[in-house]
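Thanks for coming. I will take one model today and go through its chains, the contact between them, and a few single residues. Please have the sequence and the coordinates open.

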Amino acid sequence: MAKSHKPVVWFPFAAGGTVIAFCIPVIVLLTFLAALGHVPAGLSYEKLHAFGANGLGKLVLFGVVALSLWSSAHRLRCTCYDFGLRADTLVATVLYVAAIIGSIASAVFLLRI
Amino acid sequence: MSRRPLVREVPPTSWFFRHPRYLRYMSREITSIFVGAYCVLLVVALQRLSEGPAAWAGFLQALRSADSIVFHLLALAAALYHAGTWFNATQKAMPLQIGEDFVPGNVISGAHYAAWAVLSIAVLFIAGVF
């Protein structure tokens with residue numbers, strides 16, 4: 001059976017798509033409320049810092065951000081191709097590297113909390 | 001006699017205007033731009049949170065601009081459209097068979113919508129919105 005690297009790209013993509021569908025709308029709603037000037041109590045420094053200082057909280061935040069980043073990178077790659085940008089190897093490299101850097105940066109920031 | 005295979009030219013930048021179905025596909029593709037940009041905002045938020053109370057207050061203050069409100073509206077619309085189409089696709093992506101019969105597609109998608117609603121309300125409640 002031929003080996004393919006596709007599952008490596010596809011698993012985080014599918015997981016990220018699910019995470020984005022379930023979690024991102026409500027997170028956007030929370031920061032939208034903050035943008036309107038009604039900062040939810042949960043977005044206060046004390047509450048959010050306490051959540052990020054907790055090991056489980058770190059894992060949840062990292063999972064949401066990293067999987068969403070990876071899924072978005074994969075979808076943006078497909079979007080570029082569909083809009084006629086056919087330099088797929090270059091686009092894929094740039095976007096996946098960006099997603100990996102963003103994920104590592106998120107992990108570093110979370111560990112500093 | 002030379003062989004003349006049919007080569008159908010597909011314009012690479014305007015093919016999606018050929019059929020409404022392609023336009024709907026592309027409208028979903030575009031949501032990835034706003035969701036991707038919002039993910040970058042989330043990474044920045046984690047950075048500000050790790051730098052202390054003053055940096056976090058500055059981040060919250062920076063959110064309060066007209067540009068930010070417009071971006072949030074676009075990101076919210078994109079996230080909702082992505083979520084709806086994702087849950088509608090679940091019944092095709094993972095059909096569920098019990099015994100001889102397949103579970104109706106509406107039940108599979110409906111269960112996802114219900115779980116989404118419960119999770120979203122729980123997050124809003126924990127975050128102290130109500």
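From the N terminus on, the elements of chain B run α-α-α-β-β-α. That is four helices and two strands, where helices (H or I, at least four residues) and strands (E, at least two) are DSSP runs, numbered from the N terminus.

Before going on, the conventions. This is a predicted model, in which local features need pLDDT of at least 70 and side-chain atom pairs count only at pLDDT 80 or more, while totals for chains, interfaces and linings use all residues. Residues are numbered from 1 along each chain as its sequence is written, and chains are lettered from A and ligands numbered from 1 in the order in which they are written.

Back to chain B. Its radius of gyration is 22 Å, well over the 14 Å that the globule rule gives for 130 residues, so chain B is more spread out than a compact globule. The radius is taken over C-alpha atoms, and the rule is 2.2 Å times the number of residues to the power 0.38. The C-alpha trace of chain B spans about 80 × 45 × 25 Å along its principal axes.

How many of the 130 residues of chain B count as buried? The share is 19%. Buried here requires 20 or more other C-beta atoms within 10 Å of the residue's own, exposed is 12 or fewer, and partly exposed is in between, with C-beta atoms placed from the backbone. Of the contacts in chain B with a separation of 6 or more, 41% are between residues 24 or more positions apart. A contact means that the C-beta atoms of two residues, placed from the backbone, lie within 7 Å.

Now chain A. Its secondary structure comes to four helices and zero strands, in the order α-α-α-α. The box filled by the C-alpha atoms of chain A is roughly 50 × 30 × 20 Å along the principal axes. Buried residues make up 37% of chain A. Among contacts in chain A between residues at least 6 apart in sequence, 67% join residues at least 24 apart.

**Where the chains meet**

In chain A, 46 residues are in contact with 43 residues of chain B. On the chain A side, the elements giving two or more residues are helix 1 (6-35), helix 2 (45-53), helix 3 (55-82) and helix 4 (88-112). Which of them gives the largest share? Helix 1 of chain A does, with 15 residues. By type, the chain A side divides into 30 nonpolar, twelve polar and four charged residues. For that count, Ala, Val, Leu, Ile, Met, Phe, Trp, Tyr, Cys and Pro are nonpolar, Asp, Glu, Lys and Arg are charged, and the others, Gly among them, are polar.

The largest nonpolar core has 43 residues. Such a core is a set of buried Ala, Val, Leu, Ile, Met, Phe, Trp, Tyr and Cys residues joined through C-beta atoms within 7 Å. Those with the most contacts inside it are A:I24, A:V65, B:V35, B:Y38 and B:A75. The elements that give this core two or more residues are helix 1, helix 3 and helix 4 of chain A together with helix 1 (20-50), helix 2 (53-63) and helix 3 (66-93) of chain B. Not counting residues up to four places away in sequence, A:I24 touches A:S68, B:V35, B:Y38 and B:A79.

**Local details**

A kink of about 40° lies at A:C23 in helix 1 of chain A, shortly before the proline A:P25. The bend is the angle between axes fitted to the seven residues ending at a residue and the seven starting there.

In chain B, B:L60 lies in helix 2. B:L60 is partly exposed, with 18 other C-beta atoms within 10 Å. Leaving aside neighbours within four places in sequence, B:L60 is in contact with A:A34 and A:V39.

A:L56, in helix 3 of chain A, counts as exposed because it has 8 C-beta neighbours inside 10 Å. B:N106, in helix 4 (residues 105-126) of chain B, counts as exposed with 11.
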